Amino acid sequence: MHDPRIIVALDFSSAEDALRLAEKLEPRFCRLKVGKELFTAAGPSLVEKLMLKGFDIFLDLKFHDIPNTVANACKVAANLGVWMINVHALGGRKMLLAAREAIAQGSTKLIAVTLLTSMDENDLADIGLQGNLEQIVERLARLTKDCALDGVVCSALEAANLRHQIGEDFCLVTPGIRPLNDRADDQKRITTPRQAILNGANYLVIGRPITQASDPLLMCQQLNLEIFEQRKETHVIL
């Protein structure tokens, strides 16, 4: 499995907990996501330790600031050697272009968050965004594509429309993934791994179903099998 489709979310507040889980996993079955909580607690040194174990790292810091600040942050993040970083598409065209110019294409993957998977129509009304969820996500994804970023973070529920509208050469990273009959927790726009792949997702961010499993590696292997079978059915080789 040369291109693992699962990205395990290391939603921990200490390096020790993250490294303990990493010891139970294998780089051939998954990549790892380091977000704001863990990066704030442990910093770049943890990222380096995880990479030394052979893991590709998605540094999920969702940069959203003035263009120059975001460009510099992206450059520093890419210099860590991580596999992927992200920014907020709501930062606008100038910010997205600045981020793109800061990182050479073909090196660290650069993607943009559309709307957080915790958001629903009520949240959009609160902040004054016009249109329904799918329309806003598509608009932000098209903006991201126009700015030559590699892809977007979106709900797997929106992946099918984006894949149809924007095409195959665009990376879709989908959080909010839960195995069948698993609880939703604080995510609102969720789906199963099989459905996410069927909808056109490239990479699936999965947290608690793996990190809280009694055997995280076994759970990761089972989910990989489900993904492989779905990709085989749709004639895409993993």
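User: Hi! How many bridges pair β1 with strand β2, and in which sense?

Analyst: Hello! This is a predicted model, and in it β1 pairs with β2 (residues 31-35) over three bridges, in the parallel sense.

User: Which residue of β2 does Ala9 stand opposite?

Analyst: Ala9 faces Lys33 in β2.

User: And how does β1 pair with β8?

Analyst: Those two strands run parallel as well, joined by three bridges. Within that pair, Ile7 stands opposite Val205 in β8.

User: Nice. Which way do the β1 side chains point, and are they buried or exposed?

Analyst: Ile6 and Val8 point one way, Ile7 and Ala9 point the other way, and all of them are buried.

User: What lies across β1 and β8?

Analyst: That would be helix α10, residues 216-233. The helix runs at about 145° to β1 (6-9), and β8 covers 203-206.

User: Zooming out, what do the strands close into, and in what order?

Analyst: Eight strands close into a barrel, ordered β1-β2-β3-β4-β5-β6-β7-β8, with parallel pairing. Ignoring direction, neighbouring strands are turned by 25° against each other on average.

User: Let's look at another spot in the barrel. How many bridges join β6 to β7?

Analyst: Three bridges, and the strands run parallel: β6 spans residues 151-153 and β7 spans residues 171-174. Val152 sits opposite Leu172 in β7.

User: Switching to helices now. At what angle do α3 and α4 cross?

Analyst: Roughly 30°, with the axes of α3 (residues 67-79) and α4 (residues 93-102) coming within 8 Å. Angles under 35 degrees count as roughly parallel, so α3 is roughly parallel to α4.

User: Is that crossing left-handed or right-handed?

Analyst: The crossing of α3 and α4 is right-handed.

User: Which residues make the contact?

Analyst: From α3 you have Pro67, Val70, Ala71, Cys74 and Lys75, and from α4 there are Lys94, Met95, Ala98, Ala99 and Ala102.

User: Staying with α4, which of its residues are buried?

Analyst: Met95, Leu96, Ala98, Ala99, Arg100 and Ala102 are buried in α4.

User: And what do those buried residues pack against?

Analyst: Their partners are the strands β3 (57-63), β4 (84-88) and β5 (109-113), along with helices α3 and α6 (133-146).

Technical notes
Residues numbered from 1 in each chain as written. Predicted model: local features only at pLDDT ≥ 70, side-chain atom pairs only at ≥ 80, totals over all residues. Heavy atoms only, no water. Axes fitted to C-alpha atoms, helices over the stretch in contact; angles between N-to-C directions. Helix = DSSP H or I, 4+ residues; strand = E, 2+ residues; numbered from the N terminus. Parallel < 35°, antiparallel > 145°, perpendicular 65-115°, else oblique. Left-handed = near helix turned anticlockwise from the far one by under 90°. Contact = heavy atoms within 4.5 Å. Buried < 20%, exposed > 50% of the residue type's maximum accessible area, 1.4 Å probe, protein only. Pairing = 2+ DSSP bridges.
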